[in-house]
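This report describes how the parts of one protein model are arranged and where they meet. Please look at the structure first.

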Amino acid sequence: MSETTARPLRADAERSVRAILEAAERVLSADPGASMEQIATAAGVARTTIHRRFAHRQALIEALASSAARQLAQAVEDGRPDTAPPLVALHRITANVLEVKGAWAFALGLPADPDSEAAAIHQDIGQRCITVLERARADKLVDEAADLHWVRRVYYALLGESLHGSPDDAGTDTDTLAARLIDTLLHGAGPRS
């Protein structure tokens, strides 16, 4: 267990860890083989600070993956999946997730060790998604015969495509992308009746 999850940190130590993780996302996105020293420089901290917080590079990467997964889980919760009307929850969650995934693409793209905190969080997020889709089905937004696990996979694929987008999507805000994504998920590309 890393020091960042073992016990609460002082406010200044929390800021250092946050700066290190943000720098790690930027640096590793550009150069996945970047050194701890390069990340420390980008974070504006001494190399000893990064090594005091993270014993080795893999510990930093695991902390980065866990931190990004927690932010993704918070983005889902902020969409009020249990209490907002299902269509509103789907839109809010989608817009929130697009923002987090856009900001933490490297960390969220890392393969998670099945026993890691990040993997457990992603599994919980997947179940939360099914819960929202069940609520959407109860509101007749999703066909009652639809396989919700398949619908979730399609939803995830649409999220991925929205993030990779085309040059035409450059500068499009997350609310607009979320509306397009949810419309495509619920209505497909066929003609409207």
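Domain bounds here come from an automatic or database domain assignment. The protein chain is divided into domain 1 (11-55) and domain 2 (64-187), and their C-alpha centres lie 28 Å apart. This is a predicted model, in which local features need pLDDT of at least 70, side-chain atom pairs count only at pLDDT 80 or more, and totals for chains, interfaces and linings use all residues. Residues are numbered from 1 along each chain as its sequence is written, and side-chain values use heavy atoms, with hydrogens and water left out.

**Where the domains meet**

Contact means heavy atoms within 4.5 Å; by this rule, 7 residues of domain 1 touch 7 residues of domain 2. The area buried between domain 1 and domain 2 is about 560 Å², and carbon and sulfur atoms give 73% of it. Buried area is the accessible area (1.4 Å probe) that two parts lose on being put together, summed over both. Leu 21, Glu 25 and Leu 28 supply 79% of the area that domain 1 buries against domain 2, more than any other three residues. Across this interface the rule finds 0 salt bridges, a salt bridge being a side-chain nitrogen of Lys or Arg within 4 Å of a carboxyl oxygen of Asp or Glu.

**Two tyrosines**

Rings of Phe, Tyr and Trp (its six-membered ring) pair if their centres lie within 6.5 Å; planes under 30 degrees apart count as stacked, over 60 as edge-to-face and the rest as tilted. The whole structure has 1 aromatic pair. Tyr 155 and Tyr 156 form this tilted pair, 6.2 Å centre to centre with 45° between the planes. Buried means under 20% relative accessible area, exposed over 50%, and partly exposed in between (1.4 Å probe, protein chains only).

| Residue | Class | Relative accessible area |
|---|---|---|
| Tyr 155 | buried | 4% |
| Tyr 156 | partly exposed | 37% |
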